[in-house]
Amino acid sequence: MSQYETPLFTGLVEHSKKNPVQFHIPGHKKGAGMDPDFKEFIGENALSIDLINIGPLDDLHQPKGMIKEAQDLAAEAFGADHTFFSVQGTSGAIMTMVMSVCGPGDKIIVPRNVHKSVMSAIVFSGATPIFIHPDIDEDLGISHGITTDAVAKALEQHPDAKGVLVINPTYFGISADLKKIVEIAHSHNVPVLVDEAHGVHIHFHDDLPLSAMQAGADLAATSVHKLGGSMTQSSVLNMKEGLVSAKRVQTILSMLTTTSTSYLLLASLDVARKRLATEGHDLISDTILLAENIRNDINKIDGLYCVGKEILGTKATHDYDPTKLIISVKELGISGFDAEKWLREAYNIEVEMSDLYNILCIITPGDTETEGSQLVTGLRELAAQLKKHGDITPVTVMLPDIPVLSMTPRDAFYAETEVIPIDQTVGRTIAEFIMVYPPGIPIFIPGEIITQENIDYIKTNIDAGLPVQGPEDYDLRHLRVIKEHHAIR
C-alpha cells in the first residue's frame, strides 16, 4: 500500500455512502436521534462516520481489516515494527507501555518529572519507581531531561529493572541523548519506553531531535493529536520487536481501551499519518521557519526572552524543538499566568501553558504569519504597558525539592488513610497526587514525604492562579495522608 492511501477513512466514507439501515449503536443513528442544534453544528458528514465496530468496519481490539491496514501504514511511516492506535489518548498508550513490561514489585527507572499517567500506571501495575532526578534549569524554573550518566548509574545499581522510561522531547521541547540512552539500556537487556507525547512531528524532519523509533527505542507513546493534525484524544503506540512482546502490548492496550471505540478519532489518525508521511517534511520546514521568525521578534522586546539553540550543550540538553516557544516573562515582574490572562483578555490569544515564570506557545502547520504577528504584537504591548506603569522587580525563581519516596505509590494509594489540614501534613506520607496541569508533572505522588518547601511551592502556584490539581479537596485546604497508628498508653 502507498502512504497516500487512507484505508480506514476511505472505508468509512464508502460505508457511509451505502447509507445502510442501522439497528446498532450509536443511538443517534447518523444524527437523526440527536439534538438538532448540535447536529447542525457538527455536521452530517461527521455524524455519518461516527460508527461502531460492526463487521465491515474492523475492530480495534482485534484488527484484521481496514484498521490493521491503517496501523500497518502508520508503522511504516514511523519506522516501527508495529503501531497500535489509541483512542484513550497518549495517557492510555503510556499506561500500556508501563504495564506491558512491569508487574507487582518490578522496578522501572523513570525521571521524576514524568506525566501523571506514568505514575498512574505504576500504581495500577504495582511496580516500584526508581527515580532519576532530571536536570533543572534554574534560570527558567523548568525541568529538562535525564542524562546518559544518570541512566548508566541507575542500571548499575538496579540491574533487575524491567524498563527505562524517557521523556523525548520534554513538554518544553528539550531532548536528551536518546540514542545513547537506548544503547546503554540495551546493553543491560532492558527495554526503553519513550513518552513522545510532544514529538509526533520530529520523526519527519532532519532538523528536529531524533524520534524514539529512529533512536532504537522499544516502545513510544506518541500524541498525534497534539502536533500531528489528528483529533483530540487520538494517539499511537509505536513498537520495535525484540525485548517486548507485541501480543502482550495488544492485550494490555485492549484492557485499557473502551470497547466503543470512536471511528472519528481512528479516521483522523489515518489521515494525519498520510499527511505527515507525504507532506510532513515541507510543512514542518515552513513551521520551523515561522517559529524562528517569531522567536527573533520576541527577543527584540525588552524584558522578554524566548529560548533558542543557546540552551543546548549540557548533558541533559542534547537537542531541541524550535517549534516550541518558551517565553520567559519573569524580567517583567509578572508570572506566566499573569501574561496568559492578559493575552486572553487583551488580544483573544490562548497560550499552551503558563507557569510561575514562563508561557509556552506551540507553532504548528496550522499557524501562519498572521497568528505569529498577533502574538508578537500582544507581547510587545504587554511589555510596554508594564514598563510604563513603574518600576519592575524581576521575579525570583523558586524550585521545589524532589520529595523522598517512603513507600511504593501503589501501597500508599491503597493504604489506610486520613484527611488532615494541609498545614499539619509536613513530615507525613501523602496518599494522593498533586500537580499543576498542564503539564501534569506531579509535585507529590502517593508515597512521598511532605515537606514545608513543597507546601509553600503549592501555595505559591495557587496564589498565582495556576491550576493545581489532584487532591480530593479541590481547594487544597486538606490532604489525604497515610494514617499513623500510635502506641496505646
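Tutor: Happy to. The C-alpha centres of domain 2 and domain 3 lie 31 Å apart. The contact between them, counted as heavy atoms within 4.5 Å, takes 7 residues from domain 2 and 8 residues from domain 3. Please keep in mind that this is a predicted model, where local features need pLDDT of at least 70, side-chain atom pairs count only at pLDDT 80 or more, and totals for chains, interfaces and linings use all residues. Residues are numbered from 1 along each chain as its sequence is written, and side-chain values use heavy atoms, with hydrogens and water left out.

As for where these parts sit, the protein chain is divided into domain 1 (58–277), domain 2 (280–388) and domain 3 (409–482); the bounds come from an automatic or database domain assignment.

Now the interface itself. Domain 2 and domain 3 bury about 580 Å² between them, with 77% of that on carbon and sulfur atoms. Buried area here is the accessible area (1.4 Å probe) that two parts lose on being put together, summed over both. On the side of domain 2, Phe-337, Met-353 and Leu-356 lose the most area to domain 3, and together they make up 74% of what that side buries. By class, the side of domain 2 that touches domain 3 has 3 nonpolar, 2 polar and 2 charged residues. In that scheme Ala, Val, Leu, Ile, Met, Phe, Trp, Tyr, Cys and Pro count as nonpolar, Asp, Glu, Lys and Arg as charged, and the others, Gly among them, as polar.

What about specific polar pairings? Between domain 2 and domain 3 the count is 0 salt bridges, a salt bridge being a side-chain nitrogen of Lys or Arg within 4 Å of a carboxyl oxygen of Asp or Glu. The rule also finds 0 residue pairs in polar contact across this interface (both at pLDDT 80 or more). A polar contact is a pair of N or O atoms within 3.5 Å; within protein, one must be able to donate a hydrogen and the other to accept it, and residues adjacent in sequence count only if both atoms are side-chain atoms. The structure as a whole holds 20 salt bridges. One of them joins Lys-68 and Asp-72, whose closest N and O atoms are 2.8 Å apart; both residues lie in helix α4 (residues 66–78), 4 residues apart, about one turn of the helix.

Let us turn to the strands. Helices (H or I, at least four residues) and strands (E, at least two) are DSSP runs, numbered from the N terminus, and two strands pair if DSSP finds at least two bridges between them. β14 and β15 (residues 358–362) pair in the antiparallel sense over 2 bridges, and Ser-354 has Ile-359 in β15 as its bridge partner.

Another open sheet has 3 antiparallel strands in the order β18-β17-β19. Here the edges are β18 (441–444) and β19 (468–469), each pairing on one side only. Strand β17 (residues 434–436) runs antiparallel to β18 and is joined to β18 by 3 bridges, with Met-435 standing opposite Pro-442.
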